[in-house]
Amino acid sequence: MHLPTASLPVAVIGAGPSGLAAMRSLDRRGLSFTGFEKHTDVGGLWNIGNPASTVYESAHLISSRTTTEFTEFPMPDGTPDYPGHRHLHRYFHSYADNFRLRERIRFSAEVLSAVPAADGGWQLTWRDRGGEHTERFRAVVAASGTLHEPALPAFAGSFDGEIRHAARYRSGTELAGRRVLIVGAGNSGCDIAVDAVHHAAAVDISVRRGYYFVPKYVFGRPTDTLNQGRPLPRPLKQFLDKRLLRLFTGDPARFGFPKPDYRIYESHPVVNSLILQHLGQGDLRVRADVERLDGTTVHFTDGGSGDYDLILCATGYRLHYPYLDSALLDWRGASPQLYLNIFSRSAPGLFVVGMVEASGLGWQGRAAQADLVAAYLAAQDGEPAAAADFSRRLAGPSPDVTGGYRYLGLDRMSYYVNKDAYRAELARHQGLLDEPREHADAH
Ligand SMILES: Cc1cc2nc3c(=O)[nH]c(=O)nc-3n(C[C@H](O)[C@H](O)[C@H](O)COP(=O)(O)OP(=O)(O)OC[C@H]3O[C@@H](n4cnc5c(N)ncnc54)[C@H](O)[C@@H]3O)c2cc1C
């Protein structure tokens with residue numbers, strides 16, 4: 001005999017920052033859950049020992065500690081402004097221990113599929129050392145991360161050296177004595193370029209477009225802590241920050257980068273000024289886009305060329321939820337079309353936490369997503385009218401969370417949000433569930 005759906009636990013897939021936040025939110029609402037993590041430990045990609053991790057030895061936060069940490073669980077006193085991955089792994093350990101999440105996570109358990117069950121709820125199949133298992137759950141929270149499936153460019157021609165994605169890069173020592181071409185100057189590409197100048201025989205970085213480079217500190221303070229909590233109107237912010245960057249990092253075109261053909265914050269900013277310093281020291285060169293490969297030679301679109309042993313593609317990641325049928329996520333182009341990047345419209349009871357990219361959203365932003373999921377599930381039990389109202393809302397268009405920014409039409413920007421607009425919408429939606437009577441009165 002099947003249990004009524006509401007009495008079943010919620011399945012949370014992944015024990016990285018987003019999955020842990022989801023478990024914590026469910027627990028706070030008194031909702032039972034089971035966590036699934038294919039690795040042996042918590043921490044997600046911040047655990048460099050996790051084979052799915054895409055961090056490297058030199059990886060540090062690019063958003064500062066106070067804007068990134070979980071509000072209810074600050075990092076201990078003495079934590080640096082921009083901690084490295086080992087620090088962060090310890091932080092997630094303490095988080096899981098502090099909220100007693102670990103004992104409710106099945107480790108070394110990879111979810112293979114999640115499908116809606118014929119009689120309500122979700123049927124999950126996972127594999128652990130004991131083989132494959134299937135069990136029914138009330139709902140599914142997919143928190144399996146966004147930065148795991150490499151997006152590799154299709155180069156014309158053939159290359160005699162090694163082509164590798166940044167996902168498989170761990171340490172600058174791997175580059176010792178090699179002529180390295182890094183493709184892409186996003187945050188990972190620039191970090192790796194800075195590593196490379198200390199190890200490689202020669203380093204070039206190939207770019208398709210210009211970037212805005214943000215230093216980690218301005219006026220001696222972490223840059224993202226300036227003006228916190230008082231968001232400026234978009235045109236003013238773009239005007240002021242562009243000039244502030246000019247003051248602090250100068251014109252990247254002086255160092256060989258193309259001039260950006262978009263305005264600041266229309267793409268994810270690169271938080272790295274060291275690369276400009278190394279360019280100024282002549283430690284590496286900026287090259288144009290790759291046109292074709294021929295033996296060990298790379299030809300660039302501006303007619304230049306260079307010889308390399310390794311092409312390291314810091315070209316980003318594709319969203320990938322292999323355990324979910326794509327129809328359940330309403331994929332359009334490069335990303336699922338979910339209400340507020342969370343709620344599936346086709347599959348009630350399917351939620352995604354962590355499928356969001358933004359400048360400065362931090363783990364608290366992911367926790368706010370998780371809180372909303374937990375509030376919705378709790379309302380289904382305690383406030384069915386509010387939950388039904390909310391469900392009707394989910395069928396409509398998702399609120400505009402761009403903050404008025406016209407994001408570049410790139411795959412990686414297809415699930416990008418403006419943190420202030422997004423947080424405001426999450427808070428508003430949370431209010432619809434937590435204070436349904438007040439809202440009804442106000443109408
Ligand atoms: C170099 C680098 C720097 C970054 N800097 C910042 C920063 O400064 N600020 C910031 O906010 N973000 C930063 N990020 C983004 C980062 O993605 C987030 O901080 C955060 O790790 C996302 O957490 P997550 O839980 O959503 O995903 P992940 O950390 O990727 O965790 C997902 C977990 O799910 C597990 N999993 C996957 N599939 C399955 C399955 N089928 N079954 C069971 N388990 C599964 C994985 O093993 C993993 O443990 C950075 C990322 C990188 C790579």
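I started with the second largest pocket, which holds about 440 Å³ of space. Of its 23 lining residues, Q337, N341, S414, Y415 and Y416 are the closest to the centre. I sorted the lining by class and got 13 nonpolar, seven polar and three charged residues.

A note on what I'm looking at: this is a predicted model, where local features need pLDDT of at least 70, side-chain atom pairs count only at pLDDT 80 or more, and totals for chains, interfaces and linings use all residues. Residues are numbered from 1 along each chain as its sequence is written, and side-chain values use heavy atoms, with hydrogens and water left out.

My pocket rules, for the record. On a 1 Å grid over the protein atoms alone, a pocket is an open set of points with protein on both sides within 12 Å along at least five of seven lines. A cavity is a set of points where a 1.4 Å probe fits but cannot get out, and a lining residue has an atom within 4 Å of a point. Grid points are joined across faces, edges and corners, and the volume is the space filled by probe spheres set on the points. For classes, Ala, Val, Leu, Ile, Met, Phe, Trp, Tyr, Cys and Pro are nonpolar, Asp, Glu, Lys and Arg are charged, and the others, Gly among them, are polar.

**Cavity**

How many cavities of 30 Å³ or more are there? I get one. The largest cavity has about 40 Å³ of space. Its lining is made up of Y211, Y212, Y262, I264, Y265, S267, H268 and P269. By class that is six nonpolar, two polar and no charged residues.

α1 has twelve residues and reaches 16 Å from its first C-alpha to its last, close to the 16 Å expected at 1.5 Å a residue. The expected span is 1.5 Å times one less than the number of residues.

Is α1 mostly covered or mostly open? It is mostly covered, with ten of its twelve residues buried. Buried here is under 20% relative accessible area, exposed is over 50%, and partly exposed is in between (1.4 Å probe, protein chains only). The buried ones in α1 are P17, S18, G19, L20, A21, A22, M23, R24, S25 and L26.

The partners are the strands β1 (10-13), β2 (33-36), β3 (105-106) and β7 (140-142), plus the helices α3 (85-98) and α7 (362-382). Just after α1, G30 takes a positive phi of about 75°.

**Cysteines**

I searched the whole structure for disulfides (cysteine sulfur atoms within 2.5 Å of each other) and found zero. C190 is in none, and its nearest cysteine sulfur, that of C313, is 15 Å away. C313 is likewise in no disulfide, with the sulfur of C190 as its nearest, 15 Å away. C190 is buried, at 0% relative accessible area. C313 is buried too, at 0%.

**Positive phi without glycine**

S108 has a positive phi of about 50° although it is not a glycine. S108 is in the loop between β3 and β4 (110-116), and is buried at 16% relative accessible area.

F219 also has a positive phi of about 50° without being a glycine. Its place is the loop between β14 (217-218) and β15 (221-222). Is F219 buried or exposed? At 61% relative accessibility, F219 counts as exposed.

**Two last residues**

I found D307 in strand β20 (residues 305-307), partly exposed at 38% relative accessible area. Leaving out residues up to four places away in sequence, D307 touches R179, T296 and T297. D307 and T296 are eleven residues apart in sequence and 5.3 Å apart in space, C-alpha to C-alpha.

A386 sits in helix α8 (residues 384-394) and counts as buried at 8% relative accessibility. A386 and L432 are 46 residues apart in sequence, yet 7.3 Å apart in space, C-alpha to C-alpha.

Key: Helices (H or I, at least four residues) and strands (E, at least two) are DSSP runs, numbered from the N terminus. Contact means heavy atoms within 4.5 Å.
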